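Hi,

Here is the structure I promised to pass on to you. Have a look at it first, and then read my notes below.

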Amino acid sequence: LRVALGGHTEDKHVAYLQSVMQSARAQAACADGGTNHVIPPSYVFWAVGAMHLLDQQGCVLPEEVLGLLQAAQNADGGFSTGKGLHSDALQTLSAMQLAALLGKLDAFCQPAHSP
């Protein structure tokens with residue numbers, strides 16, 4: 001599926017979505033500095049999904065997105081909106097959808113090892 005919005009309008013959408021990703025990177029850098037806030041996986045999924053609809057997936061670096069997802073992943077395997085917050089189904093679903101969209105689902109679906 002490709003959405004054709006036409007020249008100037010499409011450029012504005014792409015510019016906005018790129019700013020969303022820049023914000024996600026900046027907040028991830030702050031999270032590494034000890035704050036508990038990360039960009040929710042659902043927010044990143046919506047931005048990357050929109051880029052795909054606009055045929056702009058080249059603007060998204062899969063490894064960078066995986067880093068954003070890893071910042072939101074908890075020890076229980078789920079994802080949340082911040083470090084130390086409870087995992088929730090929406091954020092976990094969004095993270096899995098995003099990983100699948102990027103062809104990187106295997107990065108988060110490793111078999112559990114028994115002790």
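In this predicted model, helix H2 passes helix H4 in a left-handed crossing. The two helices pack at an angle of about 30 degrees, and their axes lie 8 Å apart. On the H2 side, the contact is made by Pro41, Ser42, Val44, Phe45, Val48, Gly49 and His52. H4 brings Leu90, Gln91, Ser94, Ala95, Gln97, Leu98 and Leu101 to it. Sorted by class, the contact between H2 and H4 has eight nonpolar and six polar residues, with no charged ones.

Is serine 94 buried or exposed? Serine 94 counts as buried because its relative accessibility is 2%, and the cut-off for buried is under 20%. Leaving out residues up to four places away in sequence, serine 94 touches Pro41, Ser42 and Phe45.

Now to the core. The largest nonpolar core has 27 residues, and those with the most contacts inside it are Met21, Val44, Val48, Val65, Leu69 and Leu98. Helices H1 (7-32), H2 (41-53), H3 (62-72) and H4 (89-101) are the elements that give two or more residues to this core. In soluble globular proteins, nonpolar side chains tend to be buried together.

Best wishes

Terms used
Residues are numbered from 1 along each chain as its sequence is written. This is a predicted model: local features need pLDDT of at least 70, side-chain atom pairs count only at pLDDT 80 or more; totals for chains, interfaces and linings use all residues. Side-chain values use heavy atoms; hydrogens and water are left out. A nonpolar core is a set of buried Ala, Val, Leu, Ile, Met, Phe, Trp, Tyr and Cys residues joined through side-chain atoms within 4.5 Å. Buried means under 20% relative accessible area, exposed over 50%, partly exposed in between (1.4 Å probe, protein chains only). Helices (H or I, at least four residues) and strands (E, at least two) are DSSP runs, numbered from the N terminus. Axes are lines fitted to C-alpha atoms, for helices over the stretch in contact, and angles run from 0 to 180 degrees between N-to-C directions. A crossing is left-handed if the near helix is turned anticlockwise from the far one by less than a right angle, and right-handed if clockwise. Contact means heavy atoms within 4.5 Å. Ala, Val, Leu, Ile, Met, Phe, Trp, Tyr, Cys and Pro count as nonpolar, Asp, Glu, Lys and Arg as charged, and the others, Gly among them, as polar.
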